[in-house]
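Take a look at the model below before reading on.

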Amino acid sequence: MLKTVIRNLLATFAAQGIVLGSNLLLVPLYLRYWGAPGYGEWLTAYALVQYLASVDFGLSTAIVNHLTLCSAHGDTAEFRTYSHSAFCLYFS
């Protein structure tokens with residue numbers, strides 16, 4: 001159990017290190033090749049996408065919970081209907 005916790009912590013720290021390293025490496029490259037206006041446009045588009053992805057008001061958790069419940073009860077018709085509706089919601 002302790003090995004698993006330590007391994008997961010090390011993986012989390014490694015992931016954060018990779019993100020930090022890539023930001024320190026990529027930002028100067030973006031500024032060099034795109035310039036400040038191009039990089040600003042990229043940041044604006046990226047921020048908009050991240051904002052829209054985070055503003056689901058708990059729908060993703062509710063969908064996962066309902067699909068898990070349907071799967072546990074073996075209700076495949078409800079599972080298919082609900083997953084199709086969720087798919088259409090997220091990709092519209």
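Which helices each supply at least two residues of the lining of the largest pocket? They are helix 1, spanning 2-54, and helix 3, spanning 76-90. Keep in mind that this is a predicted model.

Now the pocket itself. Its volume is about 170 Å³, and it is the largest pocket. The lining consists of L52, A53, V55, D56, F57, L59, L89 and Y90. Sorted by class, seven lining residues are nonpolar and one is charged. No polar residue takes part in the lining.

Why look for a pocket with a probe? Rolling a probe the size of a water molecule over the atoms shows where empty space is left.

Next, the surface. L25, L26, L29, Y33, W34, W42, L43 and Y46 make a nonpolar patch. The patch covers about 830 Å². One of its members, W42, is found in helix 1. Is W42 exposed or only partly exposed? Its relative accessibility is 38%, so W42 counts as partly exposed. The cut-off for exposed is over 50%, and buried means under 20%.

Two further residues of helix 1 can be read against those limits. N8 lies in helix 1. N8 has 44% relative accessibility and therefore counts as partly exposed. A11 is also in helix 1. With a relative accessible area of 46%, A11 is partly exposed.

R80 has a relative accessible area of 60%, so it is exposed.

Finally, some C-alpha distances. For R80 and Y39, the sequence separation is 41 residues. In space, R80 and Y39 are 42 Å apart, C-alpha to C-alpha.

Key:
Residues are numbered from 1 along each chain as its sequence is written. This is a predicted model: local features need pLDDT of at least 70, side-chain atom pairs count only at pLDDT 80 or more; totals for chains, interfaces and linings use all residues. Side-chain values use heavy atoms; hydrogens and water are left out. On a 1 Å grid over the protein atoms alone, a cavity is a set of points where a 1.4 Å probe fits but cannot get out, and a pocket is an open set with protein on both sides within 12 Å along at least five of seven lines; lining residues have an atom within 4 Å of a point. Grid points are joined across faces, edges and corners, and a volume is the space filled by probe spheres set on the points. Helices (H or I, at least four residues) and strands (E, at least two) are DSSP runs, numbered from the N terminus. Ala, Val, Leu, Ile, Met, Phe, Trp, Tyr, Cys and Pro count as nonpolar, Asp, Glu, Lys and Arg as charged, and the others, Gly among them, as polar. Patches are made of residues with over 30% relative accessible area and no salt bridge: like charges are joined within 9 Å, nonpolar side chains (Val, Leu, Ile, Met, Phe, Trp, Tyr) within 5 Å. Accessible areas come from the Shrake-Rupley method with a 1.4 Å probe; for residues, only the protein chains shown count as cover. A salt bridge is a side-chain nitrogen of Lys or Arg within 4 Å of a carboxyl oxygen of Asp or Glu. Buried means under 20% relative accessible area, exposed over 50%, partly exposed in between (1.4 Å probe, protein chains only).
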